[in-house]
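Please look over the sequence and the structure shown below before reading on. The report that follows goes through some of the helices and then the strands.

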Amino acid sequence: MPRIDLHTHTTASDGSLSPTDLVQLAKQQGVAALAITDHDSVQGLPEAIAAGALTGVAIIPGIEISCLYEEIELHILGYFINQDDPRLKEALTHYVSSREDRNPKIIERLRQLDCDLSYDEVKDFAGSATVGRPHIAQILVRKGYVHSVAEAFDRYLADGAAAYVGRVLPSESDAIALIRDVGGVAVLAHPIYASRLNGPFHNLCSRLKSYGLIGLETIYSSHTVQQTDRFRSIAREHGLLITGGSDFHGASKPDILVGTGFGGLHVPADLLEPLQEFSFR
Ligand SMILES: [Zn+2]
Ligand SMILES: [Zn+2]
């Protein structure tokens, strides 16, 4: 069974590869179909689709939307979205400005913590990408304040860390509604990260399903075999489709490869068709 990868990032969000380079790498890795799922951005899609046509890798237009569920940040993947829908553009512009509003605040806190960096420096470093915490982390590494991106998050940037500033996020129902409105199929990303919830995971699944969630990202780079089995049975119980992806980011998560994750990931191609069928409903 050929492999596919339904969760990847490019320079349109916090990935390090251009859409073209990512598609070429996917081709080399034997990935038959690839979903581009940048955070709150569809800017990488046209280039990826063009590269897909050249290389023969099927490109699924996707997105990963951050939202808030009972004070916990969840990520909802949207597949087969209509990237040109004006409702999508409008919502994304709003999300991005709310994210950008907090970056100067994070920099200000870092300066109070004696890390000498400026917002202009971070914007220059990010180039055409939306400025995000990974860019700030890389500058902190470069300037020697921390040894690694992971340390930058642990000490300063992670939720609850010294320089953390929250942002306004859409609710889980709004995120799913947006994906559905633009013809997409909504899937809960990396369910293992939702384990910080206070209530049972089952409640979350029921609630998201009532809003129109279609699938659960059961096969994921950092899931153990036991976790994969657990999410597979939860998906079955709730009538959710099983999907999977690596969450490839390139240099910021160098151990995760497109298509194979930490090495053992295998998302079989036959998971794609049921997902695609929902995009026509
Ligand atoms: Zn995510
Ligand atoms: Zn992701």
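In this predicted model, R133, P134, I136, A137, Q138, L140 and V141 in helix α5 meet V149, A152, F153, Y156 and L157 in helix α6, where contact means heavy atoms within 4.5 Å. The residues of this contact divide into 10 nonpolar, one polar and one charged, with Ala, Val, Leu, Ile, Met, Phe, Trp, Tyr, Cys and Pro counted as nonpolar, Asp, Glu, Lys and Arg as charged, and the others, Gly among them, as polar. Helices (H or I, at least four residues) and strands (E, at least two) are DSSP runs, numbered from the N terminus.

Residues are numbered from 1 along each chain as its sequence is written, while chains are lettered from A and ligands numbered from 1 in the order in which they are written. Because the model is predicted, local features need pLDDT of at least 70 and side-chain atom pairs count only at pLDDT 80 or more, whereas totals for chains, interfaces and linings use all residues; side-chain values use heavy atoms, with hydrogens and water left out.

## Helices that cross

The table gives two helix pairs, with axes that are lines fitted to C-alpha atoms, for helices over the stretch in contact, and with angles that run from 0 to 180 degrees between N-to-C directions.

| Helix pair | Axes come within | Crossing angle |
|---|---|---|
| α5 (133–142) and α6 (149–157) | 9 Å | roughly 105° |
| α4 (119–126) and α5 | 9 Å | roughly 105° |

In the loop between α3 (86–112) and α4 lies C115, which counts as buried at 2% relative accessibility; buried means under 20% relative accessible area, exposed over 50%, and partly exposed in between, with a 1.4 Å probe and protein chains only. Not counting residues up to four places away in sequence, C115 touches L110, L140, Y145 and Y156.

## One face of helix α2

Which residues of α2 (45–55) are buried? They are L45, A48, A51, G52 and T55. Seen down the axis of α2, these residues fall within an arc of 125°, so they line one face of the helix, the arc being that of the directions from the helix axis to the C-beta atoms. The face turned away from this buried side carries the exposed residues A53 and L54, and what covers the buried residues includes α1 (19–28), β2 (31–36) and β3 (58–69).

## The sheet

Eight strands form an open sheet with mixed pairing, in the order β7-β6-β5-β4-β3-β2-β1-β8; two strands pair if DSSP finds at least two bridges between them. The edge strands, each pairing on one side only, are β7 (241–245) and β8 (267–268).

Seven of the eight residues of β4 (72–79) are buried, so this strand is largely enclosed by the rest of the structure. Strand β4 is joined to β3 by eight bridges, and the two run antiparallel, with L77 in β4 as the bridge partner of E64. Strand β4 also pairs with β5 (185–188) in the antiparallel sense over four bridges, where G78 stands opposite A186 in β5.
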